[in-house]
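Q: Can you walk me through this one? I have the sequence and the structure open.

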Amino acid sequence: MTPALGIISPGLSTSIQDLGRTGFQRLGVSLGGALDPVSLRAANALVGNPGNTGALEALYTGPTFAIDAEDARLSFVGADAAIKIFADAEDHSGETIAPMRSIHVRRGQIIHVGSLKHGATLYVAVEGGFDIEPVLGSVSTDSRGRIGGWRGRPLTNGDVLPLRRLAASNREEYRIDGMDLTAPSFIRVVLGPQSDYFSNDEIVRFFAGRYIVGAGSNRMGLCLEGRPIQHQRGFNIVSDAVATGSIQVPGNGQPIVLLADHQTTGGYPKIATVISADLPAMGRLPIGAQVSFVPCTLDEATAARRELAAALDDIGDKLVPILPPAAAVGSRLQECNLISGVHNAAA
Amino acid sequence: MLDYRVLSAGDTALVVEFGDRIDRQLSTAVLALARALDAERIAGIVETVPTFRSLMVHYEPLALSAAALAARIDEQMQKLSVGEIAGRLWHLPVCYEPRFAIDLDDVAKRTSLSKQQIIERHSGPIYHVYMLGFLPGQAYMGELAADLALDRRETPRTRIPAGSLAIAARMSCVFPLETPCGWHIIGRCPIPLWDPAHATALLAPADKVMFVPVSVREYDSLVTRASQDVLRIEPVSEFVGAVA
């Protein structure tokens with residue numbers, strides 16, 4: 001039997017995502033990929049996967065799924081959630097765990113992620129990844145282009161996602177410490193490419209403003225609500241290419257920050273672009289969150305990118321083994337003995 | 001040499017902007033620069049995205065600085081020959097019958113042309129593919145006869161079927177996938193412009209396209225063959241230069 005995860009409920013919107021699909025924007029194919037690639041890489045590190053392995057990305061409300069493999073290893077990284085592990089369909093109490101760790105699971109167990117708090121995204125990685133053929137070099141789900149992931153769409157009840165590994169390895173369980181997923185007070189941006197469509201006063205007001213992430217937000221972009229930004233030269237431009245992080249200002253003056261699934265081209269002036277190092281934080285901002293922007297130079301942006309890349313390369317240093325209960329007790333006893341031994345010697 | 005400016009689009013993309021309008025000469029320059037940069041295989045360039053009037057160059061700033069990339073772009077611009085870029089010529093069948101042309105009556109009213117005149121004017125010219133965008137495989141083809149050009153409908157449709165052919169200002173577009181749409185639908189093309197199974201686009205920037213009117217019967221037959229994966233559409237010519 002093919003080892004698999006059986007989706008019982010997909011939650012609000014859960015899809016398979018890796019680090020995205022580069023090189024095909026000229027065909028109109030979106031980059032896609034995890035909204036929060038930092039959390040995705042941490043989730044993969046916890047189960048020993050390469051950072052670009054596809055995982056489940058849950059938005060706002062996570063999935064419920066059954067383990068249809070001898071055993072498997074999962075990890076959860078992202079927003080706060082009370083994740084329930086049920087022994088089987090008859091078990092109604094279950095065990096509750098918090099994210100930011102790996103866990104060993106067995107056939108028949110049911111995992112219920114539930115609603116996310118203080119963040120939009122949570123990643124569920126599985127050791128070895130899903131047994132899914134990449135499309136254009138990526139397993140990311142592109143819902144608009146209907147390619148990648150599981151049948152080119154978000155998950156639905158009854159989907160059976162095949163796993164690469166027949167069973168879990170003997171690897172230890174880990175938790176990840178020192179990851180700060182709280183929203184920064186300011187998101188850094190580089191001005192342009194169409195900041196000349198806005199007066200200097202209006203740009204100053206944009207940086208002084210506070211915006212709320214609006215309900216229309218999705219994987220394509222965050223619709224921000226706040227004081228409208230006025231254009232000085234109209235708001236229709238001949239379409240040109242847009243980047244992830246582009247801040248478009250349409251006719252109503254309410255900015256839209258483009259995220260992973262953005263269209264490849266757009267026809268509104270772009271006042272500024274979120275720097276690449278701050279895109280993961282942008283991606284996990286939930287509807288209702290507040291956000292303000294601060295300008296930075298290209299050099300500062302590149303330094304921030306370098307710092308983030310180095311931190312991600314060293315993400316393994318943040319992994320801390322979770323000792324099995326028996327071993328944990330044993331080592332604690334040993335610690336006590338040692339300490340008391342020192343006391344005895346001193347006495 | 002053409003005027004251009006290099007703009008930041010964040011810390012991982014530059015925009016080489018040739019102008020702010022839709023213009024064959026600008027498009028030619030954009031496509032010529034894209035081909036020149038692609039041919040150079042410059043380490044640190046991730047991908048290039050041509051549009052009507054600018055080329056976006058995505059790069060890895062930890063391998064290639066913005067300043068170094070801008071210098072490489074200047075270097076290419078110095079020696080760029082902006083002759084018409086060759087592309088393939090395609091004949092795309094289109095059914096303009098009422099079953100598909102849901103806005104044809106409305107377009108006739110707005111343009112004061114008869115339905116037959118609209119079909120003749122739309123299927124007359126050879127269109128230039130300026131760029132792909134909005135949806136995978138979706139080509140922006142221009143330019144439409146001036147008396148067919150229309151701005152967006154007041155109320156966009158939440159859903160139009162794949163293959164819908166639209167008037168979009170001075171452009172004509174075939175939407176390769178079902179999508180929300182604010183433009184005027186005057187027909188449907190039975191040829192899939194985007195193949196999700198193989199993730200390939202039929203058209204590429206600089207290609208040339210002529211629309212060939214077909215009956216509902218021919219349309220249905222082509223759709224059936226396309227769905228059975230036995231429809232092979234080949235360009236009429238592999239290498240077409242300036243045809244405008």
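What follows is a chat about the model, its chains, sheets and helices.

Q: What kind of model is this, and how are things labelled?
A: This is a predicted model, where local features need pLDDT of at least 70, side-chain atom pairs count only at pLDDT 80 or more, and totals for chains, interfaces and linings use all residues. Residues are numbered from 1 along each chain as its sequence is written, and chains are lettered from A and ligands numbered from 1 in the order in which they are written.

Q: What are the scores?
A: The model has ipTM 0.91 and pTM 0.90. For chain B the average pLDDT is 92, and 98% of the residues score at least 70. pLDDT is the predictor's confidence in each residue, from 0 to 100.

Q: How many residues does each chain bring to the contact between A and B?

A: Chain A brings 38 residues and chain B brings 36 residues. Two residues are in contact if their C-beta atoms, placed from the backbone, lie within 7 Å.

Q: Which element of chain A gives the most there?
A: That is α4(A), with six residues. The elements giving two or more residues to this side are β16 (240-241), β20 (270-274) and α4 (298-313) of chain A. Helices (H or I, at least four residues) and strands (E, at least two) are DSSP runs, numbered from the N terminus.

Q: And by class?
A: The side of chain A that touches chain B has 16 nonpolar, 16 polar and six charged residues. Here Ala, Val, Leu, Ile, Met, Phe, Trp, Tyr, Cys and Pro count as nonpolar, Asp, Glu, Lys and Arg as charged, and the others, Gly among them, as polar.

Q: Switching to sheets. What is the strand order in the four-strand sheet of chain B?
A: The order is β1-β2-β4-β3 (chain B), an open sheet with antiparallel pairing. Two strands pair if DSSP finds at least two bridges between them. β1 (5-8) and β3 (45-50) of chain B are at the edges with a single partner strand each, so one side of each has no neighbour in the sheet. From one strand to the next, the twist averages 20°.

Q: How many bridges between β3(B) and β4(B)?
A: Five bridges, in the antiparallel sense, with β4 of chain B covering residues 54-59. In β4(B), Tyr59(B) is the bridge partner of Ile45(B).

Q: Which helix lies across that sheet's strands β1, β2 and β4 of chain B?
A: Helix α2 (residues 66-78) of chain B does, running at about 30° to β2(B). Axes are lines fitted to C-alpha atoms, for helices over the stretch in contact, and angles run from 0 to 180 degrees between N-to-C directions.

Q: What about chain A's eight-strand sheet?
A: That open sheet has mixed pairing and the order β21-β14-β15-β18-β17-β20-β13-β22 (chain A). Its edge strands are β21 (290-291) and β22 (293-295) of chain A. Inside the order, β15 (residues 221-225) and β18 (residues 256-258) of chain A run antiparallel and are joined by three bridges. Leu222(A) has Val257(A) as its bridge partner in β18(A).

Q: Last one: why does Leu46(A) count as buried?
A: Because Leu46(A) has 30 C-beta neighbours inside 10 Å. A residue is buried if 20 or more other C-beta atoms lie within 10 Å of its own, exposed if 12 or fewer, and partly exposed in between, with C-beta atoms placed from the backbone. Leu46(A) sits in helix α1 (residues 37-46) of chain A. Leaving out residues up to four places away in sequence, Leu46(A) touches residues including Ser75(A), Tyr174(A) and Leu319(A).
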